[in-house]
Amino acid sequence: MSNGKLSRRHFFKTATATSAAFPALSLMGLDAPCATDGTHPEPKTKMAGFDFTKQSGALQPDKIVDSACQFCNSNCRLKVHLKDGRVIDVQGEPEDPVQAGGLCVKAQMMTQLVYNRHRLTRPMKRIGGEKGSPESKFEPCSWDDALDLIAQKFLALRDAGEARAIANKTSGRLQRGTGSVIGRFFTLLGSPNDTDVGPVCNDAGGNALAWTFGLGNFTNGYGKDGNTGREDLGSSRFFLFLGTNQAETHPVTFAYLLRAREKTKAKLAVIDPRLTPTGAQADEWLAPKPHTDLALVLAMLQHIIAKNLHDTKFVAKWVLGFDELKAHLQEGGYTPEWAERVSGVPSARIKAIAEGYAKAKPAAIFCNAGISHQLNAFDTYRALAFLATITGNIGINGGGCNFMHNTWPGALNLPPIVGDTPKKPPALPVGPDWFAESILSKRPYPLRAIVTEGNPLIACANSRKVQAAFKELEFYVYTGLFMEEAAWYADVILPVRSGFEMDGVYMRRDDRSIRWQHAAVPPVGESRTDIEIWIDLAAAMARRDKKNPAEYWTGNLRPEWKNYGKLWAEFVARTPGVGGMTQARLEERAEPLRWPCPDEKSPGISTLYLDHKSWYSAAEALDPGNTGKRFLTPSGKVEITTPDLDAALRPAGHAALPMYYTHPEVTGRNPSIAYDEELIPNPVNPGSVTQRVRLGVLSDGKVHAKFPLMGMIGRASVVHFAGVTQWTHFGKQMNGVRLVQLHPRAAKRAGVANGDRIIVESPRGTVTGTALVWDGIREDTVFIPNSFGPAQALGDEFGLPRYDTANTLIDDRYFDNLSGQQAYKCFACRVIKA
């Protein structure tokens, strides 16, 4: 790392060296470096270029199935090689110029989700033991029995006037459209509380984009723009990364950007409190104090405007609120010198980054959870959208606001409901942990029955509180692949399928593109897809519902939709902007297809808001009210601030022009946030409520007398994706130890050496790990990997510790009251040698 550069092999790993231990792993050298023209060479083994699998009776596949990876939003095609119905190899798609045949280390784990002795294979119901205890007793039952138990509970609550007490939370592991099916079920039931994983992941970016430009989507595309014939993100001259470690979270699409950068000589600036494999590729790495990115962005805006580096023509023609923004920045004193005092980044470097971004057109901004997991996430993303706007970097190839987020790129529509549905009351506040608050405090009303398609015991903040809540919860249904932490609290456990066991559209690439995947292997045991589960649950409701005819349930959630091809055909026929994304068209493509794609002649839209006939046609297809509009806001322009925007945000304590504030546990005394008990309508998430906040309240800094460091939680490494990879042999072998990063001087003060077993303590609790003394992190900051949990039995086979969840350390009271994002990126803590 002496030259600040890492080879592709730091991001792409071949499985050749471990293929003896894992027979389903890649035997081909698919991580070979791309040629300088961006093409991918023919696969070769590491034995001097000879391929010893050719003409091997055992290793020549008799079938190759096009599937896809479920682990990140690179959406890689996986070409699954089968022999006698068993997976023997997984390779990449060489005909996709973005993927270029590449795969990261996680691809092999898709096979290990199939062939895994820890898989759940049958429905089970609780017969004894305390909720949450590993001594809990479950017995297998039939699907009909399990679904009847759930239907009986749901109907009893509904008939008692308590439909709102039933909730569901989806996750990113679902086939596209599962949320539409679940949403319909909850509409029929009369509950408003069908929620998604967004507040745990990246909702704030999409929210901010929608409020500024009109759509809540990643604005630009990887690869060539089919409408202009030009490279889109690959043509950028400046990449500005804030809070995104793409080398480990999106390695394949990041490799595409690096290949493009080799041609264009584009600059890469990475802003992150720690040096990551992404930062190691950068021309500039800036390490601000955690939770102070908003200060940097405000200062960049101020400097660009003060130096007249903004795009005056674009601003004059397409932007509302520029003059107000200029005055706001001046009145707030948001200069680079001010930002240096707040963030610790020298003002000269802030100015250099601002000028580099403003002068290098096109320039692209990328963000991920490092921004989303801050309590000022919505306002930070809005400020970043302003940065792209004033420099004219929105609506052009190679530019944009490329914020990783969770919106599918839009709603997927089903036929109209037949029959009268109950009126829904207000939903619970948006946020990853309000389920626990509702159960324990009964505020604003108590939840009594919950279904999850994920693992809230690992994902949600303040784990001890979540554990107490789920222990008290009246009825809980866990759906999943393994007996994760949440399963031990369940009354009913339902087994689901992994990605290789299902057809359809599963993951999507961040740039709104999707690909069709085929089931490569039969379902494990009696597992079902989540769509099948909810449609079968509707049939169970129909059998028991005394208030509605059976067709109320089975006619609105039709059994034939369990065939994903038929369900997708409904989505294509009824959803604006999806008309060109038919199953047949997706199946024949090596590349994924981008949304919006209004008809089968469209190549899909790469750059949103492009001043081009293709965009205006697509915008009109999304909504006839968009006719003639470039930006899909009420005004048809970029809206930095308008009277209506400001009036909508004020009741929640915010304004259209963001002020600076940060987490109360950032070191020092800083403008922070206070939450009122009053719940008011959420302007960003209509139909839900939120707490009103007071911004700018000065933090007292007292917590740092005992807890002098700032902790951050995030991805362990490129090996892991959420908790599911912790249940694979390769995941535990490669990264089964929780390595806590801390600076050498911080380690010395704590009396800790590299490799020591340590305790990280916050005011909420403690977790253990192994010290990784690392000079690539701020001296005042500690990084604790997430996704580890105490139920991960597979680690026992490697003699690994079982860890409490990292989110034990997080205070759930601090969150973005607009998007619901939890503040995982800052908490007061200290490190103690164990």
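Threonine 575 is in contact (heavy atoms within 4.5 Å) with Ala411, Leu412 and Asn413, leaving aside its neighbours within four places in sequence. Threonine 575 sits in the loop between α19 (564–574) and α20 (583–587). Helices here are DSSP runs of H or I with at least four residues, and strands are runs of E with at least two, numbered from the N terminus. A polar atom of the threonine 575 side chain lies 2.8 Å from the backbone nitrogen of asparagine 413.

This is a predicted model: local features need pLDDT of at least 70, side-chain atom pairs count only at pLDDT 80 or more, and totals for chains, interfaces and linings use all residues. Residues are numbered from 1 along each chain as its sequence is written, and side-chain values use heavy atoms, with hydrogens and water left out.

Buried means under 20% relative accessible area, exposed over 50%, and partly exposed in between (1.4 Å probe, protein chains only).

| Residue | Relative accessibility | Class |
|---|---|---|
| Threonine 575 | 5% | buried |
| Cysteine 597 | 0% | buried |
| Cysteine 829 | 0% | buried |

Next, the cysteines. A disulfide is a covalent bond between the sulfur atoms of two cysteines. The cut-off used is a pair of cysteine sulfur atoms within 2.5 Å. The whole structure has zero disulfides. For cysteine 829, the closest cysteine sulfur is that of cysteine 826, 8.7 Å away, so the two are too far apart for a bond.

Now the nonpolar interior. A nonpolar core is a set of buried Ala, Val, Leu, Ile, Met, Phe, Trp, Tyr and Cys residues joined through side-chain atoms within 4.5 Å. The largest has 158 residues. Phe154, Phe185, Leu240, Ile365, Trp568 and Trp615 have the most contacts inside it. Phenylalanine 154 touches Ile166, Phe185, Leu189, Ala449, Val451, Leu537 and Met541, neighbours within four places in sequence aside. A second, separate core has 35 residues, including Phe138, Phe435, Ile450 and Tyr675.

Three strands form an open sheet in the order β1-β2-β3, with antiparallel pairing. Strands pair if DSSP finds at least two bridges between them. β1 (63–68) and β3 (86–91) stand at the edges with a single partner strand each, so one side of each has no neighbour in the sheet. From one strand to the next, the twist averages 30°, with axes fitted to C-alpha atoms and angles running from 0 to 180 degrees between N-to-C directions. β1 and β2 (residues 77–83) pair in the antiparallel sense over six bridges. Valine 65 stands opposite valine 80 in β2.

Key. Polar contact = N/O pair within 3.5 Å; in protein donor to acceptor, adjacent residues only side chain to side chain.
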